[in-house]
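Please keep the sequence and the structure in view while reading.

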Amino acid sequence: MQEVIKKYVIKEYVEDDTEVTNDTPLISGGIVDSFSMVSLKRFLENKYQISIPDDKATPEAFDSVNKICMLVKEYLK
Amino acid sequence: MSNIKSYHERIENFDWKIAEKELDYEPGNVINIGWYCSDRICQMGKADKPGLIWEGSTGVEKRYTYNDIRINSNTIAQFLKDLGINPEDRVCLFLDKIPELYIGFLGILKMGAIAQPLFSAFGDESLFIRLDNAQTTAIITQKKHAPKVRKIMDKMPYLKHLIIVDADPGKPLADREVAFDLAKAGKVDHFDIYPTTAESPSVLHYTSGTTGQPKGVKHVHYSLISQYLTAKWVLDLQDDDIYWCTADPGWVTGTSYGIIGAFSNGVTQCVLDAGFSADNWYRFIQKHRITMWYSAPTAIRSLMKAGEEVIKKYDLSSLRHLASVGEPLNSEAVIWSERVFGKPFLDTYWQTETGSIMISNYPGMKIKPGSMGKPFPGITATVIHPETYEPFNETGKIGLIAIRPGWPAMMRTYWKNEETYRKKFQNGWYLPGDRSSIDNEGYFWFVGRDDDVINTGGHLVSPFEVESALLEHLAVAESAVVAKPDFVNMEVVKAFVTLKPGFIASKDLDLDIMNFVRKKLSPLAMPQEIEFIDTLPKTRSGKIMRRILHAKEWGEEIGDTSTLEND
């Protein structure tokens with residue numbers, strides 16, 4: 001899951017050769033802005049066939065690939 | 001005591017000469033914003049005072065005294081001059097909120113060129129439209145944003161230089177590209193400031209309208225007079241303030257009050273170049289002991305959403321004065337801030353074209369939560385009838401906000417679009433395109449836009465631009481874009497889309513279209529929701545009836561549908 005999400009983030013949100021690890025701050029690091037979070041959430045919902053409530057899709061919960069994985073796993077159960 | 005002291009007394013005795021006198025400016029003399037924001041502050045004995053404290057997303061901090069700002073802006077000015085940039089050439093700042101943006105802005109103005117700041121999240125299409133309209137000579141950017149420019153370089157023969165402020169040493173650059181490292185550049189202690197005068201062009205900011213392409217709003221160096229005084233009286237900037245304007249200088253608040261208002265008043269300002277998180281913002285206030293905080297309703301509502309527990313983790317007692325801009329500040333947000341910070345956010349109303357605050361709440365004046373406040377001294381504003389363009393005689397009537405032209409920061413024209421500029425005036429009034437009412441105590445109450453422009457998070461998005469981008473997607477046959485209500489951003493973009501034969505609506509297609517618009521235009525313009533429909537409501541002449549879709553989103557009456565096709 002981490003690799004899939006990381007690959008997607010790099011493909012969609014990184015313009016140059018900035019390195020993205022599983023712990024790279026995505027929101028606070030300015031890689032994904034708050035408006036783009038909506039498309040990232042939509043990707044996760046489509047990919048994993050889940051529904052993430054809006055109040056759980058916070059900048060903190062989306063701030064790294066690892067944090068996103070934790071969030072997704074919560075709704076995969 | 002606040003700088004404005006008594007609003008009513010200021011109204012009685014107002015003259016813009018107050019600002020001219022404080023700035024030692026005499027009509028006809030040289031007036032250069034770059035000089036006023038750096039050299040002059042040094043000459044006032046504040047050369048060693050911190051002017052800019054910058055913090056990046058990784059926590060790295062950079063500090064610049066006013067003397068550093070003076071020398072570094074000289075250095076950039078000299079670099080641009082040596083490159084062959086001429087006065088009044090357009091130099092685009094396509095940067096994140098890094099020090100080069102703030103200092104580069106002053107450097108461009110010092111050498112007489114026009115600063116054209118553009119939001120660094122713009123996609124290549126948004127970028128090209130604005131650069132092409134301005135026939136931009138040079139772009140200052142970072143290596144992370146350079147690929148977007150390179151994509152469109154071939155279409156811009158007029159673009160002579162792509163200046164990269166953090167290019168990798170040793171990595172070859174393409175034709176027209178040049179590296180410039182501010183930290184390593186030879187410092188220029190003395191630069192002959194270009195002798196701009198009151199009407200010399202200074203800044204070109206782009207703003208969106210309902211129809212047509214974005215318009216380049218041309219400002220002049222004399223705008224300083226309004227920006228200095230409104231920053232002093234409304235934002236109440238005082239000598240010992242630590243000021244934080246959260247706006248990005250890719251938009252007008254970030255230049256008028258994130259650069260010009262702050263530096264011309266000689267305060268210490270802090271900049272946080274990191275994505276939003278409530279924890280990080282409160283930590284920033286605590287760390288730098290921020291006293292004056294100028295932010296936006298979207299941010300305030302995001303902080304409200306984050307809850308109050310997080311606030312208790314930080315010492316925010318340094319906060320002295322709070323203000324807001326970008327979209328109407330709802331009364332709940334004002335009441336909330338008073339409860340949690342002990343101070344209300346004071347709403348301020350203005351726009352790219354006005355260049356400075358027009359209507360506002362002021363320190364010491366009674367606050368009516370949810371109200372825009374009252375006109376700034378020297379500003380004649382009222383509400384007029386939308387058809388006769390005459391002011392209402394009674395209070396409480398909803399009409400168009402109208403402002404008597406003539407304040408210093410008023411835009412001078414739309415770049416290469418004089419016709420649209422002229423349409424902004426009716427019966428001797430400038431019309432910002434917003435509706436409001438005035439109560440019996442003279443307070444303005446915002447009602448909404450008078451057009452289809454979408455105000456999302458305080459930024460205007462043109463439905464026309466988004467619709468045009470949507471039509472470039474392989475699957476899209478037709479589209480209509482409207483505002484959809486949103487708690488945090490007030491409005492977000494919603495698109496209604498019909499598909500070409502052979503394409504079937506799906507969640508993956510929905511995401512593909514969203515990302516397509518995001519990359520082409522910007523994240524702000526990306527539809528947050530796409531609704532696939534069979535046909536769009538149209539008039540018999542084939543014009544899409546956006547207002548029907550808008551009414552549906554807002555739960556409003558659809559109104560007259562007599563011209564609707566197939567009704």
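In this predicted model, helix 12 of chain B, residues 297-306, packs against helix 14 of chain B, residues 331-341, at an angle of about 60 degrees, and their axes are 10 Å apart. Because of that angle, helix 12 of chain B is oblique to helix 14 of chain B. The crossing of helix 12 of chain B and helix 14 of chain B is left-handed. On the side of helix 12 of chain B, the contact is made by B:Pro297, B:Ile300, B:Arg301 and B:Met304, and on the side of helix 14 of chain B by B:Ala333, B:Trp336 and B:Ser337. Sorted by class, the residues of this contact between helix 12 and helix 14 of chain B comprise 5 nonpolar, 1 polar and 1 charged.

A second pair of helices can be described in the same terms. Two packed helices are described by the angle between their axes and by the distance between the axes. For helix 9 (residues 223-233) and helix 10 (residues 252-264) of chain B, the axes cross at roughly 80 degrees and come within 8 Å. Angles of 65 to 115 degrees count as roughly perpendicular, and helix 9 of chain B and helix 10 of chain B are therefore roughly perpendicular to each other. From helix 9 of chain B, the residues B:Leu224, B:Gln227, B:Tyr228, B:Thr230 and B:Ala231 take part; they meet B:Ser256, B:Tyr257, B:Ile260, B:Gly261, B:Ala262 and B:Ser264 of helix 10 of chain B. The contact of helix 9 with helix 10 of chain B contains 6 nonpolar and 5 polar residues, and no charged residues.

Attention now turns to single residues. B:Leu471 belongs to helix 16 of chain B, which covers residues 463-471. Is B:Leu471 buried or exposed? A residue counts as exposed if 12 or fewer other C-beta atoms lie within 10 Å of its own; B:Leu471 has 12 and is therefore exposed. Leaving aside residues up to four places away in sequence, B:Leu471 touches B:Val476 and B:Ser479. B:Val497 stands 26 residues from B:Leu471 along the chain, and the C-alpha atoms of the two are separated by 9.3 Å.

Two loop residues of chain B deserve a look at their backbone. B:Gln135 is not a glycine, yet it has a positive phi of about 50 degrees. B:Gln135 is found in the loop between helix 7 (124-134) and strand 5 (138-141) of chain B. With 14 other C-beta atoms within 10 Å, B:Gln135 is partly exposed. B:Tyr389, not a glycine either, has a positive phi of about 60 degrees. The loop that holds B:Tyr389 runs between strand 17 (381-384) and strand 18 (399-403) of chain B. B:Tyr389 is partly exposed, as 16 other C-beta atoms lie within 10 Å.

The view can finally be widened to both chains. The contact between them takes 20 residues from chain A and 23 residues from chain B. On the side of chain B that touches chain A, the elements giving two or more residues are helix 8 (146-152) and helix 17 (507-520) of chain B. Helix 17 of chain B gives the most to this side, with 6 residues. By class, the side of chain B that touches chain A has 9 nonpolar, 7 polar and 7 charged residues.

As to confidence, chain B has a mean pLDDT of 95, and 99% of its residues reach 70 or more. The model scores ipTM 0.95 and pTM 0.91.

Conventions: Residues numbered from 1 in each chain as written. Chains lettered and ligands numbered in written order. Predicted model: local features only at pLDDT ≥ 70, side-chain atom pairs only at ≥ 80, totals over all residues. pLDDT = per-residue confidence, 0-100. Contact = placed C-beta atoms within 7 Å. Helix = DSSP H or I, 4+ residues; strand = E, 2+ residues; numbered from the N terminus. Nonpolar A, V, L, I, M, F, W, Y, C, P; charged D, E, K, R; others polar. Axes fitted to C-alpha atoms, helices over the stretch in contact; angles between N-to-C directions. Parallel < 35°, antiparallel > 145°, perpendicular 65-115°, else oblique. Left-handed = near helix turned anticlockwise from the far one by under 90°. Buried ≥ 20, exposed ≤ 12 C-beta atoms within 10 Å, placed from the backbone.
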